[in-house]
Amino acid sequence: MPPSAAPVLAALAAYLLGSLVAGVLYSRAQGADIRDRDLPGGSGTFRQYGRRAAVLVTALDIAKGALAALLARALAPEWGWLAMGAVVAGHCYPLFFGFRGGGGIAPLLGALLVLAPVTLLGTLGTALLFIPLYRATLQRRVGLNAVPAATVVALPVGLLLATRYGGLGELLAGGVVMAVRSAHLLARPGRPEGA
């Protein structure tokens, strides 16, 4: 394989992995499409199908992010940022499901777990501290789920950590895709993804 083909192959594989949205697959196995009522990530799956389903969906979406990062590391190590952006884009705008997917957080977490674990822990810790505060004060007025809202707060912390501990390009690539997706979701408040 020519060296110039490796980044393209890594990005394509990451996008296709991202397009396997576990929440949509799970809901279809139950005879419905979660996007008619909610987003297909862990939070939406929890609301629609309960804790066990949410844990399964979240774990699968994290695993696909980690797998995309491992593939990028094997095929084109300097291009991890491209694979990060591609796996998150696949989850948000999946080829297999009419380009209507989730928010991209779980695959971002999985890829960062492989590519920048210290940055991941600091970013995740910030988000976990913010979520209860947001739910208690702003969620009803803003109308956005707590996890995407926490991402808006946690990403700047993650960027600071990434400049010191690595993963800046990866976090920026995934963060840009998630920001586009969040803006898309904010433009449609209170409406399920399928509506």
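Here are legends for a few close-up views of this predicted model. Residues are numbered from 1 along each chain as its sequence is written, and side-chain values use heavy atoms, with hydrogens and water left out. Local features need pLDDT of at least 70 and side-chain atom pairs count only at pLDDT 80 or more, while totals for chains, interfaces and linings use all residues.

**View 1. Alanine 6 sits in helix H1.** Helix H1 covers residues 5–18; helices are DSSP runs (H or I, at least four residues), numbered from the N terminus, and strands are E runs of at least two. Alanine 6 is buried, at 7% relative accessible area (buried means under 20%, exposed over 50%, partly exposed in between, with a 1.4 Å probe and protein chains only).

**View 2. Aspartate 33 lies in the loop between helix H2 (22–29) and helix H3 (42–49).** Aspartate 33 is buried, with a relative accessible area of 12%. Its side chain makes a polar contact with the side chain of arginine 35 at 2.7 Å (a pair of N or O atoms within 3.5 Å; within protein, one must be able to donate a hydrogen and the other to accept it, and residues adjacent in sequence count only if both atoms are side-chain atoms). Leaving aside neighbours within four places in sequence, aspartate 33 is in contact (heavy atoms within 4.5 Å) with Val24, Ser27 and Arg28.

**View 3. Residues 53–72 are 100% helix and 0% strand.** The end C-alpha atoms of this span are 29 Å apart. An unreviewed UniProt entry lists residues 53–72 among its "transmembrane region" spans; such annotations may be inferred rather than shown by experiment.
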